[in-house]
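Reader: I would like a close look at one part of this model, namely the pairing of oppositely charged side chains. Could you take me through it carefully, residue by residue?

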Amino acid sequence: MKTSLIRAAAAAALLIAALAGPSAASGPINAKHFFWAPGQSPQGTASSLANDLIYHGGSAGPGAIGIQKQPAVYLIYWGTEWGTGFTTPDTDGKLYSSKTLQNYLNTFMANLGGSPWAAVQTQYCRNVPIGTTTCAGIAGADSVTNPKHQLKGVWTDPTPVPDNIVTLGLAENLVDDPLAMEAMRASAHFTYDPDATYIIMTPPKTTGVGEQAVYCGYHSQTTSLDGLGNPYRIEYSFIPWQNNGQCGEHNVNATSNAFGNGIFDSWSIVVGHEYSEAVTDPDNFFGVQDGWNDDSTSENADKCAWKETQNITLAGHNFAVQPTWSNEAFDAGKDGCAVSR
């Protein structure tokens with residue numbers, strides 16, 4: 001068989017395997033790592049509070065990086081609605097504008113870098129043996145950093161969002177995923193950065209009701225194989241509309257204020273969740289996660305999902321967040337779900 005045919009056959013086999021991939025509660029489905037709404041995980045919770053994250057080698061697929069050493073974020077508000085503006089009702093009927101939501105989220109991401117919360121992920125690294133649970137004392141370990149000003153750009157893309165974007169969310173082919181295509185457009189609009197996460201928000205019509213359950217977000221990487229798919233690898237995250245009654249609005253703050261605490265609690269919880277997982281476990285090549293995750297493929301935020309949610313203060317404002325997993329704290333006999341290091 002000619003080499004080109006062998007490659008084509010291998011590509012087809014990988015795509016079929018990915019499309020029929022595992023449906024673990026916290027793990028990749030079609031190379032997308034989902035964050036389920038409370039009580040919505042299809043298999044029950046797979047996260048564990050009794051074991052460490054393990055390094056998996058950082059070598060799965062072209063361009064694999066293991067961790068994001070210099071984390072950066074680009075926020076993309078995709079859809080005509082973001083450009084024209086809209087309102088959304090709180091649970092008491094009070095209307096909040098899309099501009100208030102964007103200001104809430106932009107302020108959160110603009111000030112998360114350098115915070116104690118983001119410092120938890122700096123204990124993880126690359127260039128260490130597979131199976132490593134601590135980077136301490138390992139020569140050559142290349143650790144995640146926690147620079148300030150990690151938000152590098154905000155873009156309102158007024159192009160329409162396809163109507164079927166969420167209903168196909170769990171089954172979309174790896175090589176023609178519209179979210180991956182939007183991430184590629186964003187990387188062209190801004191710049192290509194292998195250490196960045198391109199986070200895509202969509203308007204109210206796109207709530208995350210997939211084929212099995214309600215999800216609040218996911219992260220993945222763009223995929224290319226033998227000329228199929230995207231031209232290069234970047235990390236991206238999809239944040240569907242959060243105020244759907246199931247993804248955590250008012251999870252921390254029972255009443256809302258003018259800044260958006262309460263009504264927009266889920267946005268900082270979910271975006272923070274996806275950001276921290278992308279930093280510590282960015283590569284997801286055909287469902288193979290090669291950064292830091294535990295023996296059930298749960299990542300640092302999965303292990304503390306919807307647990308001990310609380311406010312942290314950034315730039316004088318409160319933001320609802322969840323803790324993320326700390327091997328360091330757990331191995332010292334402390335609570336593994338940490339908000340500082």
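Author: In this predicted model, the side chains of Glu-328 and Arg-341 meet in a salt bridge, with 2.6 Å from N to O. Glu-328 is partly exposed, its relative accessible area being 41%.

A further group of charged residues is built around Asp-142, for Lys-69, Arg-126 and Asp-142 are linked in a network of salt bridges. In one of these contacts Asp-142 pairs with Lys-69, and the closest N and O atoms are 2.7 Å apart. This pair links distant parts of the chain, since Asp-142 sits in strand 8 (residues 142-143) and Lys-69 in the loop between strand 3 (54-55) and strand 4 (72-78), 73 residues apart. Asp-142 has a relative accessibility of 17% and therefore counts as buried, the cut-off for that term being under 20%, whereas Lys-69, with a relative accessible area of 24%, is partly exposed.

Asp-142 also meets the side chain of Arg-126 in a salt bridge, at 3.0 Å from N to O. Here, too, distant parts of the chain are linked, Arg-126 being in strand 7 (residues 125-126) and Asp-142 in strand 8, 16 residues apart. Both Arg-126 and Asp-142 are buried. Counted by the rule of a side-chain nitrogen of Lys or Arg within 4 Å of a carboxyl oxygen of Asp or Glu, the salt bridges come to six.

Methods:
Residues numbered from 1 in each chain as written. Predicted model: local features only at pLDDT ≥ 70, side-chain atom pairs only at ≥ 80, totals over all residues. Heavy atoms only, no water. Helix = DSSP H or I, 4+ residues; strand = E, 2+ residues; numbered from the N terminus. Buried < 20%, exposed > 50% of the residue type's maximum accessible area, 1.4 Å probe, protein only.
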